[in-house]
Amino acid sequence: MLQLRNIIKDFGDRRLFAGIDWHIRPADRIGLCGENGTGKTTLLRMLAAQVSADDGEVQCARDTTIGYLPQDGLVHAGRSLFDEVRSALAELIALEEELRSLEARIDAGTSEALLDRYAMAQEAFRHRGGYAIEAEIGRVLGGLGFAEKDWQKPCEAFSGGWQMRIATAKLLLQRPNLLLLDEPTNHLDLPARDWLETYLAEYPFAVVLVSHDRFFLDRVVNRIVELWNGALTEYSGNYSSYVVEREQRIGALRAARQRQDEEIARIQSFINRFRYQANKASQVQSRVKQLEKIVRIEVPPERKRITFRFPAPPKGGRSVMELEGIEHGYGDLRVLRQVDLSIERGERIALVGANGAGKSTLMRLLAGVETPRSGVRREGHQLHLAYFAQDQAKVLTPGRTVLEELTAAAPFDMVPRVRDILGAFLFSGDDVHKPVSVLSGGERNRLALAILLLRPANLLLLDEPTNHLDLQSKDVLLQSLKAYEGTLVFVSHDRYFVDALATRIIEVGGERAVSYLGNYEDFLRCRAAVGDDSHCAERVEQRRAAVAAGNEKPLEPAAGSYEERKAVRREERRRQKLLAEIEAVIESSEENLARMESALVDPGLYDDPKRARQVAEEYQMLQGDIAELYRRWEALQLEETA
């Protein structure tokens, strides 16, 4: 549907694209990857006909419609949210208006030509989903996080991130057959990312996207195109497959480059040795020509990586922090109500929820930056916390250099290590003398993270630490946090990051904070088991009222000491963990049992009587194991009602 032939593009004295050939087919799902500055955005803009090539040809099939979503910068004003999004369906709206006009003319007097045109227009309107316009607009707006009460708000009332969501909604409703998305998840929270991921996975046309969200790439794309050194390299499969294949390819390239270098050295040695011997002149000239014809193998350079470990945390108590009966808000706005939260040593807790639900507010309360209107915040024994705010990079001093900023924050005994820490975060040489004011968003975040290393902490509170970090930097941060021995509470809209790190999910929303054991995948599975949990806070409140009235048994004892209540909560966490482990083993065992059943009904198995007896015995043993697992599972379930 779209093809690039020998595309060349220069910026100043730098060649961005050096003869690119690329073919995009209908229904392709392509992730465009590469280091920052390699030209991914320029390539998307070229596909969208917003940038022209210096040389080469862009061929586009007839009737191809292209939609392009930039990273940011789109602003909408002058209409309500609903009307602005509806305006994206201009052709369909024009067809609807034509139908109304034809209906009025038919009422005034029918003719065969009018009826034929009306039938054709009506069929086209129906075929393109015209009778479901409002429902489809509502579905897309809801998926992207807009509440129905927002539909009639003026567009100018929405902030920059929501402006980009408006642009995304308009583009999705247009349904172009080539969708170009540059960092579409930048302004989305986890629920909206989950929705967009599902939408794009079912999108019937071609999609090309750039994203620093690994999980999103894994779920949406089926091909990775890497841009490096002015050329494109294609890999089949998703991002995880690409990482493996790329390492294998680069390994093969390095081996081939080494063999080539050895061959070049051998030829050059012959030339140098016999250059001035007349009887070897023809052989020397032959090898000189041979050397000139060799096409040097290009190997991508080793990617610079952040390499660091968090300092060993100071010893503290088992209970790290407790919130009891927390109520908080701003002015007339109440954000949190009756929030109870217990954090124990070694936990890795992810706060999730829609934007504006109160995640950052809860983080500030945990950090002690804000004092709750009511309720108690109780710190554990020997607590040393470090807090990374969502806008942490903004509190850096613009007039200082990178080195001055880190030195100013360093305790006296850490000053000698300042340059080592900066080097670990890719600030070396003249980079350490850059003013903070000229740093990119990713560089500012790296500097703010480096400051966290200066003082050992046994509780890390990280609010969006992955913002502005590329995929490689996110991966290194993830590995560093996995190795961290203290307690972690974090907010991230990167699904892969949350899945790989969290041991508990706390969903913030509806003025409540509801806890789920496991990672984000476990959280979604739990939500799916009980249906839509959007009214969870109301149900929790209803349960509290029922308990108070004596109509339901409380989940925790209403009386007793703080230590007793904590012990009950700890025992419940143990029970839930064991249940999850047993359920996983049961699932795996039943899959093995199904495979054995398939083997047992295969007549070919009985050609080998010894093997047949062995499989039958293993089948019986596995049946017994599964029965025992179910007995243990039932016993744990009964503990809940005991």
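## Close-up views of a predicted model

**View 1. Helix α5 meets helix α7.** On the α5 side, Glu 136, Arg 139, Val 140 and Gly 143 touch Ala 192, Trp 195 and Tyr 199 of α7, a contact being heavy atoms within 4.5 Å. This contact set splits into 4 nonpolar, 1 polar and 2 charged residues. Here Ala, Val, Leu, Ile, Met, Phe, Trp, Tyr, Cys and Pro count as nonpolar, Asp, Glu, Lys and Arg as charged, and the others, Gly among them, as polar. The axes of α5 (residues 133–143) and α7 (residues 190–201) come within 8 Å and cross at roughly 130 degrees. Axes are lines fitted to C-alpha atoms, for helices over the stretch in contact, with angles running from 0 to 180 degrees between N-to-C directions. The two helices are therefore oblique to each other; under 35 degrees would be roughly parallel, over 145 roughly antiparallel, 65 to 115 roughly perpendicular, and the rest is oblique. Helices (H or I, at least four residues) and strands (E, at least two) are DSSP runs numbered from the N terminus.

The model is predicted, so local features need pLDDT of at least 70 and side-chain atom pairs pLDDT 80 or more, while totals for chains, interfaces and linings use all residues. Residues are numbered from 1 along each chain as its sequence is written, and side-chain values use heavy atoms, leaving out hydrogens and water.

**View 2. A mixed open sheet of 6 strands.** The order reads β14-β15-β16-β12-β17-β18, with mixed pairing; strands pair if DSSP finds at least two bridges between them. At the edges sit β14 (385–388) and β18 (512–517), each pairing on one side only. Inside, β12 (residues 348–352) and β17 (residues 504–509) run parallel over 4 bridges, and Val 352 has Glu 507 of β17 as its bridge partner. Helix α11 (residues 359–367) packs on this sheet, its direction making about 155 degrees with that of β15 (459–463).

**View 3. The open β2-β1-β4 sheet.** These 3 strands pair antiparallel, with β2 (14–24) and β4 (55–60) as the edge strands. Strand β1 (residues 2–11) is joined to β2 by 8 bridges, and Ile 8 is partnered with Ala 18 in β2. Helix α1 (residues 40–47) lies across β1 and β2, at about 50 degrees to β2.

View 4. Glu 234 and Arg 223 bring their closest N and O atoms to 2.2 Å; the rule asks for a side-chain nitrogen of Lys or Arg within 4 Å of a carboxyl oxygen of Asp or Glu. Glu 234 belongs to β9 (residues 231–236) and Arg 223 to β8 (residues 223–228), 11 residues apart.
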